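Good morning, and thank you for joining this meeting.

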Amino acid sequence: MIKLTEKIVQEVIQVRPRQSHKGTFGKILIVAGNQDLGGAAIMNAQAAVFGGAGLVTVATDPVNKTALHARLPEAMVVDYHQDLSNLIAGVDVVLIGSGLGNELTILKQVQKELTDKHKVILDGSALTMMAQENLPLPQGQIILTPHQMEWQRFGQVAIADQAKEDNNWEALVAMNPEPILVLKSDQTQVYLENELYQLTVGGPYQATGGMGDTLAGIIAAFVAQFQDTKKAVLAAVYSHSAIAERLAETAYVTLPTEIAQALPAFMKEMADQNPPL
Ligand SMILES: NC(=O)C1=CN([C@@H]2O[C@H](COP(=O)(O)OP(=O)(O)OC[C@H]3O[C@@H](n4cnc5c(N)ncnc54)[C@H](OP(=O)(O)O)[C@@H]3O)[C@@H](O)[C@H]2O)[C@@H](O)CC1
Ligand SMILES: Nc1ncnc2c1ncn2[C@@H]1O[C@H](COP(=O)(O)OP(=O)(O)O)[C@@H](O)[C@H]1O
Ligand SMILES: [Mg+2]
């Protein structure tokens, strides 16, 4: 077991090269937010934009369009009932599932367009629907971000058995290809290529709806803009809770949107410890 420390973030977040443009830092499609859970799409997208993704498009229920535009003009918004195949073909990263509810048709349509070139984050309702419908993993480099109940459904490991890492590895190796697992709890762990990483920052001030939606957006931003996907996931998991821990020095609860807002300053601080070569 390896403890996650600030070192991983310093390793991943570099000063940006001058010769660059928005395409350099990755294109993300977020598929999230049904009629009732538009906040999840907003929190995904805010975290992705503030986390440094070059271009973010949100495919969501049309009732969420005005709210998304008003909250986050940097993000583009499309109706998730439209044909998303061209959009999917043009992005590097797809984050799907936060607040998606029971939108099974949309999940299936997105999944069939995914290819090996995509980095795919499966969160929230995507995991629950895939478990209920027994859907196979889609193509792409897969990152799963379940909380304990979602992992019980998706990985078929009872919550009580998740404390034993062998049980989680057994479920993971049965999946093909083996995904990266971010198993969220008050003791979040990352299962990644035979190594178990333990988060040692963060705390109960994070127990607020939308906290996981924000983490998923940060992961999307980091894997979109940083070369090494595995390290990018670890750095995202660490940054999310490290920012919360800092905010909690003066706040009883740390809101997901506040964590997103703190990302640019946190990332600059980390990058400044890595002077350009
Ligand atoms: N503003 C928005 O739009 C928001 C939209 N959201 C979206 O809603 C969708 C549904 O997500 P969900 O997580 O709320 O529901 P579900 O999958 O049924 O899990 C809850 C059940 O699991 C149990 N449980 C056990 N261990 C647990 C653990 N460690 N962490 C958490 N739960 C744990 C828990 O136990 P209990 O609370 O009863 O003790 C309960 O029985 C999803 O797509 C999400 O993105 C949310 O982000 C909120 C803000
Ligand atoms: N007591 C706690 N200590 C540390 N982290 C917590 C605690 N409670 C929740 N979290 C973190 O908050 C996030 C919750 O994710 P999730 O349940 O998916 O939220 P949501 O779906 O509402 O956005 C996870 O990253 C989890 O590790
Ligand atoms: Mg969640």
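Let us begin with residues 5–270, whose end C-alpha atoms lie 12 Å apart. That span is 44% helix and 15% strand, where helices (H or I, at least four residues) and strands (E, at least two) are DSSP runs, numbered from the N terminus. An unreviewed UniProt entry annotates residues 5–270 as "domain: YjeF C-terminal". UniProt positions are given in the numbering used here, feature names are shortened, and annotations may be inferred rather than shown by experiment.

A word on the source: this is a predicted model, in which local features need pLDDT of at least 70 and side-chain atom pairs count only at pLDDT 80 or more, while totals for chains, interfaces and linings use all residues. Residues are numbered from 1 along each chain as its sequence is written, and chains are lettered from A and ligands numbered from 1 in the order in which they are written.

Which positions does UniProt list for "binding site"? The unreviewed entry gives Ala-40, Gly-99, His-147 and Asp-213. I shall take two of these in turn.

Gly-99 is found in the loop between strand S5 (93–96) and helix H5 (104–113). Is Gly-99 buried or exposed? Gly-99 is buried, because 27 other C-beta atoms lie within 10 Å; the cut-offs are 20 or more for buried, 12 or fewer for exposed, and partly exposed in between, with C-beta atoms placed from the backbone. Leaving aside residues up to four places away in sequence, Gly-99 touches several residues, including Ala-40 and Asp-213, both of which are on the UniProt list. Contact here requires that the C-beta atoms of two residues, placed from the backbone, lie within 7 Å.

His-147 lies in the loop between strand S7 (141–145) and H7. His-147 counts as partly exposed, because it has 18 C-beta neighbours inside 10 Å. With residues up to four places away in sequence not counted, His-147 touches Lys-184, Ser-185 and Gly-212.

We turn to helix packing. The axes of helix H9 (residues 211–225) and helix H10 (residues 229–247) come within 8 Å and cross at roughly 145°. Axes are lines fitted to C-alpha atoms, for helices over the stretch in contact, and angles run from 0 to 180 degrees between N-to-C directions. H9 passes H10 in a right-handed crossing; a crossing is right-handed if the near helix is turned clockwise from the far one by less than a right angle, and left-handed if anticlockwise. Among the residues making the contact are Ile-218 and Phe-222 of H9 and Val-233 and Ala-236 of H10. The contact residues divide into 9 nonpolar, 4 polar and no charged, where Ala, Val, Leu, Ile, Met, Phe, Trp, Tyr, Cys and Pro count as nonpolar, Asp, Glu, Lys and Arg as charged, and the others, Gly among them, as polar.

Finally, the backbone. A cis peptide bond joins Asn-176 and Pro-177, with omega about -5°. Pro-177 is placed in the loop between helix H8 (165–173) and strand S8 (180–183). Gln-156, in the loop between H7 and H8, has a positive phi near 55° although it is not glycine. Asn-194, another residue other than glycine, has a positive phi of about 70°. Asn-194 sits in the loop between strand S9 (189–192) and strand S10 (195–198) and counts as exposed, with 9 C-beta neighbours inside 10 Å.
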